[in-house]
Amino acid sequence: MSEGPLRRPFAAITGLGVAVPPRVVDNAWFAERLDTSDEWIVERTGIRERRIADPTQTVADLSREAAEHAMREAGITAAEIDAIVLGTATPDRLLPSTACDLQVLLGAVNATAFDISAACPGFIYALTVAEGLIASGQSRTTLVIGAEKLSAITDMQDRSTAILFGDGAGAAVVRRTEPTGDKPRGILSTFLKSDGRLGNLLYRPGGGSSDPLSEKVLAERSHYLRMSGREVFKAAVIAMAEASDEAIRRAGVTADEIDLLVPHQANVRIIEATAKHAGMPMDRVMVNVDRYGNTSSASIPLALDQAVREGRIGPGSLVLLVAFGAGFTWGSAVVRW
Ligand code: ACO
């Protein structure tokens, strides 16, 4: 990876929006059905409740609601969108992309649209691609989405995964920026990395083209997500630390200057370890895993949006985004609001 200084920022987030299904499922719901308890779930994960979509509600529907909020806030019309980049691990259909379905729902007739498969860091991957499209002149206005219906790929009979996940979507309008002053707003740095050798620690064995959906797949329940939780936990702590350091270094700032860390919301213990590594007290860390569980690629925008609405991020704030997920994939970004 080249180390040369980049002329940044190229792009800034000018609008945010989120959507979550109305149905709230608390830990007691699982305790009634599985060998688990509210106490175990809260102590080991920090999760108290999550949102679960109605079977008829699609990832494109959730994305549309989030996108419309973000577009209103940014003051743009659908016709102004040049690109839609949608991170998801749970596309509505395997073909075509959910981004293309979203393009139709929004009427974004001038856009190119495509999905990104990068699991939990999907939003950061999409943000990085959006910045690249803008820097290369391909797009002036890009809609970045992280959206999931994890309930569709979660085995509700497996207590080690069923309690972790939730559904939701987040959207950001990312526009070309004309840097002004010595502290211009926008994306100051990004960092992406993967290690495919560890893929089978968190994966869906069946249902893809190597083992198409069949009676066997259904009987083995191999179309559902499987996770070696303890190994994923350890890898997540190490990768989130590396990602924090890299985004901070590439932005040319220090951890002390970061106003708010907005980490992927998988487990409060991973979040605490990431904050400790960065030397950041928990009052400078956004946590809402208690309300939504792990929503994979939607988790960063759901946390970011809440932080903005609560006034924890304002003009000039320096924000660090960090995420880790299946692949393994990890990534980070430093953004000046
Ligand atoms: N209720 C009660 N007991 C449980 C439950 C449950 N829901 N789930 C597991 N247990 C038991 C296990 O069976 C095990 O029992 P044993 O000791 O008798 O074998 C014991 O609890 C401890 O299990 P561990 O898996 O070691 O528990 P751990 O403390 O690691 O917590 C957890 C599990 C919460 C899954 C944790 O490992 C974790 O958060 N991992 C990381 C997940 C993550 O970050 N994913 C990110 C990416 S997600 C994506 O990309 C879509």
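Reader: From which domains does the shell around the ligand draw at least three residues each?

Author: Welcome! This is a predicted model, and in it domain 1 (11-176) and domain 2 (186-336) each give at least three residues to that shell.

Reader: Which residues come nearest to the ligand?

Author: There are 26 residues around the ligand, and Thr36, Arg44, Cys120, Arg230 and Asn267 come nearest.

Reader: How much of the ligand does the protein bury?

Author: Taken alone, the ligand exposes 1,000 Å², and the protein buries 77% of that.

Reader: Which helix gives the most residues to the shell?

Author: That is H8, with 4 residues. By kind, the shell residues divide into 13 nonpolar, 8 polar and 5 charged.

Reader: Let's turn to the rings. How many aromatic pairs does the structure hold?

Author: It holds 3 aromatic pairs.

Reader: Why is the pair of Trp29 and Phe30 called edge-to-face?

Author: Two values decide it. The ring centres are 5.0 Å apart, which is within the 6.5 Å needed for a pair.

Reader: Why does Trp29 count as partly exposed?

Author: Its relative accessibility is 26%. Buried means under 20% and exposed means over 50%, so Trp29 falls in between.

Reader: And is Phe30 buried or exposed?

Author: Phe30 has a relative accessible area of 1%, which is under 20%, so Phe30 is buried.

Reader: What makes the pair of Phe324 and Trp330 tilted?

Author: The angle between the planes is 35 degrees. Stacked needs under 30 and edge-to-face needs over 60, so this pair is tilted. The centres are 6.2 Å apart, within the 6.5 Å limit.

Reader: How do you know that Phe324 and Trp330 are buried?

Author: The same test works here. Phe324 has 5% relative accessibility and Trp330 has a relative accessible area of 8%. Both values are under 20%, so both residues count as buried.

Reader: Which residues do ring pairs link into a cluster?

Author: Phe324, Phe328 and Trp330 are linked in this way.

Notes: Residues numbered from 1 in each chain as written. Predicted model: local features only at pLDDT ≥ 70, side-chain atom pairs only at ≥ 80, totals over all residues. Heavy atoms only, no water. Near = heavy atom within 4 Å. Areas by Shrake-Rupley, 256 points an atom, 1.4 Å probe, with all protein chains shown as cover. Helix = DSSP H or I, 4+ residues; strand = E, 2+ residues; numbered from the N terminus. Nonpolar A, V, L, I, M, F, W, Y, C, P; charged D, E, K, R; others polar. Domains from an automatic or database assignment. Phe/Tyr/Trp six-rings, centres within 6.5 Å; stacked < 30°, edge-to-face > 60°. Buried < 20%, exposed > 50% of the residue type's maximum accessible area, 1.4 Å probe, protein only.
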